[in-house]
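Please look at the sequence and the model shown below, and keep both in view while you read. The report goes through some side-chain pairs and then turns to the fold as a whole.

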Amino acid sequence: MYDKLLFYVFLYSYILGDDCIAITGGRGGSSDINITRVACGPGHGISIGSLGKGDIDDTVVNVIVRSCSFRGTQNGARIKTWHGGRGLAKNILFENITVTDTKYPIIINQHYSNGGHVKGNAVKVSDVTFRYIKGTSASKIAIKVDCDENQGCHNIVMEHINITSAKPGKKVRAYCKFADVKASSVNIDIKCGLYPQFLPYFLLFHKII
């Protein structure tokens, strides 16, 4: 189905810089990727994306990110797609992840626009699992799932997640909209839904950057 099949295994690697690893769709798509035992920081974390920039059709499927750590990074486990893009990110697993003083330990941004004009399309995001993720968040938003109002994110699973604030005595919370999220054994309450009526009232009128 895809003419670009990639398989990566990183063992005990320590990576600095912008995105520690960025998996893009490219021509023909990217699939069957395994990233293991990467220590990342500082930087922007491990990203699926960005996808769909310039209205292109990007596809990334069947990705495993396992036994990785993030220290002082802007993001931990991230999926980023441009508003106006096409394609899909599907069958993604982030598992056994440790975050330390990470601004957004878990983040899906389905309508990234970088301040530009926001268009109507969106890359499809579905069948994404975050499992056994622990550590500390540098911001009050430890889990951010910011999906497109029309497309939405589907079958987002979060299991066995324990993230606390890097600042003693402070609490963390989740920001979630337009996503089908199934949460189990997560220490942060996640209120979300594919339709506006399922959103907490204040999220309907405010966007968190």
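## Aromatic pairs and salt bridges

Phenylalanine 94 counts as buried, because its relative accessibility is 0%, where buried means under 20% relative accessible area, exposed means over 50%, and partly exposed lies in between (1.4 Å probe, protein chains only). Phenylalanine 130 is buried as well, at 0% relative accessibility. The model is predicted, so that local features need pLDDT of at least 70 and side-chain atom pairs count only at pLDDT 80 or more, while totals for chains, interfaces and linings use all residues. Residues are numbered from 1 along each chain as its sequence is written, and side-chain values use heavy atoms, with hydrogens and water left out.

The structure holds two aromatic pairs; rings of Phe, Tyr and Trp (its six-membered ring) pair if their centres lie within 6.5 Å, and planes under 30 degrees apart count as stacked, over 60 as edge-to-face and the rest as tilted. The rings of tryptophan 82 and tyrosine 112 form an edge-to-face pair, because their centres are 4.7 Å apart and their planes stand at 85°. Since tryptophan 82 lies in strand S7 (residues 75–82) and tyrosine 112 in strand S9 (residues 104–112), this pair ties together parts that are 30 residues apart in sequence; strands (E, at least two residues) and helices (H or I, at least four) are DSSP runs, numbered from the N terminus. Tryptophan 82 is buried at 13% relative accessibility, whereas tyrosine 112 is partly exposed, with a relative accessible area of 21%. Phenylalanine 94 and phenylalanine 130 form a stacked pair, with 5.3 Å from centre to centre and 5° between the planes. Here phenylalanine 94 belongs to strand S8 (residues 86–102) and phenylalanine 130 to strand S10 (residues 124–137), and the two are 36 residues apart.

Side chains of opposite charge can pair when their charged atoms come close. A search of the whole structure finds seven salt bridges, a salt bridge being a side-chain nitrogen of Lys or Arg within 4 Å of a carboxyl oxygen of Asp or Glu. The table gives some of them.

| Salt bridge | N to O distance |
|---|---|
| Arginine 131 and glutamate 95 | 3.0 Å |
| Aspartate 146 and lysine 177 | 3.7 Å |
| Aspartate 180 and lysine 182 | 3.1 Å |

Because arginine 131 lies in strand S10 and glutamate 95 in strand S8, their bridge ties together parts that are 36 residues apart in sequence. Arginine 131 is partly exposed at 24% relative accessibility, while glutamate 95 is buried, with a relative accessible area of 11%. Both residues also belong to a network of salt bridges that links Arg66, Glu95, Arg131 and Glu159. Aspartate 180 is partly exposed, at 25%, and so is lysine 182, at 42%.

Turning to the whole protein, there are zero helices and 14 strands, and buried residues make up 50% of the 209 residues. Among contacts (heavy atoms within 4.5 Å) between residues at least 6 apart in sequence, 85% join residues at least 24 apart.
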